[in-house]
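Hi everyone, thanks for coming. Let's look at one structure together, and I'll walk you through a part of it strand by strand.

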Amino acid sequence: MLHPTAPIGVLDSGIGGFSVVRQVQRLLPGEELIYFGDGAHIPYGNHSEETVVAMARYMFSFLEERGVKALLVACNTISCVLERCADAASCPVFSAVQAGAGAAARIEADKVGVISTVFTHNAQIYPRKILALSPRKKVVLSCGCPDLARLVEHSLGDPAGMALVEDNLRQELDPMVLEDGVDCCVLGCTHYPLVAGSIRKLYPGLLLIDPAEEMAQSLKACLDREGLNNPRGELGGLSIYTTGDVDEYALRARQVGLERVAGVEFYPPMELE
């Protein structure tokens, strides 16, 4: 049975899910959060579907053991195969893709762009869901970015690294924005909102859709509906676990403005064949 004082779990392939944590902390400051970032295997978008499913189940099991009352799948790549691993969770599960597609479907835009990992792009899950959910006819253009998530993961706060990020953004977004003329862009990987400032600088006036905001709103609605809001009346903490570099995760958490970090711990990664 789910308990109101139980923590909320957030998982991602790396630090990208910090963008989701940031939104949840703003909207639901009283909730305890547990974050799992699989830094050892980033980027997920370059793995096979079978491997992604296995790694997702590994993280689901980790969070299930800690008794989470809700699970936010921040990783868009995992969201593409969620039907193959959601049965591993005994609590409500929220999908980044469902959140981003829902937000894009509701806005009054004729031409929607999506940037994501190669895996998410190849799955064409965003175009399908946006078109299925939209009450009006839209054109949806999708672009898979093989290097952007990795560059963001390791470049925040480093001027030279951020220059590489911006070069990659131009390479991936110029055709969609300058040639195809999209009205808005869905940030279809949770790493991308962490560099939203750079995207706005390069493409002033381009409307950006961050699935993290929608996920936090959906989570709040669920907790309200089910009576699962934490009743303690205190600010909740954040425990971070990673299969990657503990010091880097601690640094990135500070850089993106995460609050009340109780600690950052290493957890052994799943062994890949």
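Let me start with a question: which strands does helix H4, residues 96–106, lie across? Helix H4 lies across S3 and S4, and it runs at about 50 degrees to S4. Please keep in mind that this is a predicted model.

Now, where does S4 belong? Six strands form an open sheet, and the order is S4-S3-S1-S2-S9-S10, with parallel pairing. Strand S4 (93–95) and strand S10 (261–266) stand at the edges with a single partner strand each, so one side of each has no neighbour in the sheet. On average, neighbouring strands of this sheet are turned by 15 degrees against each other, if we ignore direction.

Let's move to S2, residues 33–37. On one side, S2 pairs with strand S1 (residues 8–12) in the parallel sense, over five bridges. S2 also pairs with strand S9 (residues 238–242), again parallel and over five bridges.

Is S2 buried or exposed? Five of its five residues are buried. Leu-33, Tyr-35 and Gly-37 point one way from the strand, while Ile-34 and Phe-36 point the other way.

Together, S1, H1 and S2 make a right-handed β-α-β unit. H1 lies across S1, S2, S3 and S9, and it runs at about 170 degrees to S2.

How values were computed
Residues numbered from 1 in each chain as written. Predicted model: local features only at pLDDT ≥ 70, side-chain atom pairs only at ≥ 80, totals over all residues. Heavy atoms only, no water. Buried < 20%, exposed > 50% of the residue type's maximum accessible area, 1.4 Å probe, protein only. Helix = DSSP H or I, 4+ residues; strand = E, 2+ residues; numbered from the N terminus. Pairing = 2+ DSSP bridges. Right-handed = clockwise from strand over helix to strand, strands pointing away. Axes fitted to C-alpha atoms, helices over the stretch in contact; angles between N-to-C directions. Contact = heavy atoms within 4.5 Å.
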